[in-house]
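Here is a short briefing on one protein model. Keep the structure in view as you read, and find each part as it is named.

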Amino acid sequence: MLNELTRADKVVGVKQVRRALASGQAKRLYLAKDADPQLTQPLEHQAQEAGVEVVWADTMKALGRACGIAVGASVAAIV
């Protein structure tokens, strides 16, 4: 499912994902299992309240690679 990130419109990072969820633009939320729970838990709850599907990536490195960036990513969203 991570391969969807390579070709879709997306936002990466906590601030951008938070804005996308708040504005109703996020269609699917991706969270890395090894990311800091203090970052991911509030976004997971926000997504659940908004009815946005949550998908867990195994690592930040894998999520970053799927997003096409050279560093790990804790969160990303399809918009």
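Start inside the sheet: Leu29 stands opposite Val54 in strand β3. This is a predicted model.

**Strand β2 and its neighbours**

- Strand β2 covers residues 28–32 and pairs with β3 in the parallel sense. Five bridges link β2 and β3.
- Arg28 stands opposite Glu53 in β3.
- β2 also pairs with β4, this time in the antiparallel sense, over four bridges.
- Arg28 has a bridge partner in β4 as well, namely Ile78.
- Further along, Leu31 stands opposite Val75 in β4.
- Is β2 mostly covered or mostly open? β2 is mostly covered, with five of its five residues buried.
- The cover lies on both faces of β2. Arg28, Tyr30 and Ala32 are buried on one side, and Leu29 and Leu31 are buried on the other.

**The sheet as a whole**

- In which order do the four strands stand? The order is β1-β4-β2-β3, in an open sheet with mixed pairing.
- The edge strands are β1 (10–12) and β3 (53–57), and each pairs on one side only.
- From one strand to the next, the twist averages 20°.
- β1 pairs with β4 in the antiparallel sense, over three bridges.
- Lys10 has Ile78 as its bridge partner in β4. Ile78 is also the bridge partner of Arg28.
- Like β2, strand β4 has cover on both faces. Val75 and Ala77 are buried on one side of β4, and Ala76 and Ile78 are buried on the other.

**Helix α3**

- Helix α3 packs on the sheet and touches β2, β3 and β4 (75–78). The direction of α3 makes about 160° with that of β2.
- Together, β2, α3 and β3 make a right-handed β-α-β unit.
- Thr40 is found in α3. Is Thr40 buried or exposed? Thr40 counts as buried because its relative accessibility is 3%, and the cut-off for buried is under 20%.
- What is Thr40 in contact with, beyond its neighbours within four places in sequence? The contacts of Thr40 are Leu31, Ala32, Ala35, Trp56, Ser74 and Val75.
- His45 lies in α3 too, a helix that spans residues 37–50.
- His45 has a relative accessible area of 45%, so His45 is partly exposed.
- His45 and Val71 are 26 residues apart along the chain. Their C-alpha atoms are separated by 25 Å.

**Helix α4**

- Helix α4 (residues 60–67) lies across β1, β2, β3 and β4. α4 runs at about 140° to β2.
- Which residues of α4 are buried? They are Ala62, Leu63, Gly64, Ala66 and Cys67.
- The buried residues of α4 pack against α1 (4–7) and against β1, β2, β3 and β4.

**The whole protein**

- The secondary structure comes to four helices and four strands. Along the sequence, the pattern is α-β-α-β-α-β-α-β.
- The radius of gyration is 11 Å, close to the 12 Å that the globule rule gives for 79 residues. The protein is therefore as compact as a globular protein of that length.
- The C-alpha atoms fill a box of roughly 30 × 25 × 20 Å, taken along the principal axes.
- How much of the protein is buried? Of its 79 residues, 41% count as buried.
- Take the contacts with a separation of 6 or more: residues 24 or more positions apart account for 77% of them.
- The protein exposes about 4,600 Å². Carbon and sulfur atoms supply 49% of that area.

Technical notes
Residues numbered from 1 in each chain as written. Predicted model: local features only at pLDDT ≥ 70, side-chain atom pairs only at ≥ 80, totals over all residues. Heavy atoms only, no water. Helix = DSSP H or I, 4+ residues; strand = E, 2+ residues; numbered from the N terminus. Buried < 20%, exposed > 50% of the residue type's maximum accessible area, 1.4 Å probe, protein only. Pairing = 2+ DSSP bridges. Axes fitted to C-alpha atoms, helices over the stretch in contact; angles between N-to-C directions. Contact = heavy atoms within 4.5 Å. Rg over C-alpha atoms; globule rule 2.2 N^0.38 Å. Areas by Shrake-Rupley, 256 points an atom, 1.4 Å probe, with all protein chains shown as cover. Right-handed = clockwise from strand over helix to strand, strands pointing away.
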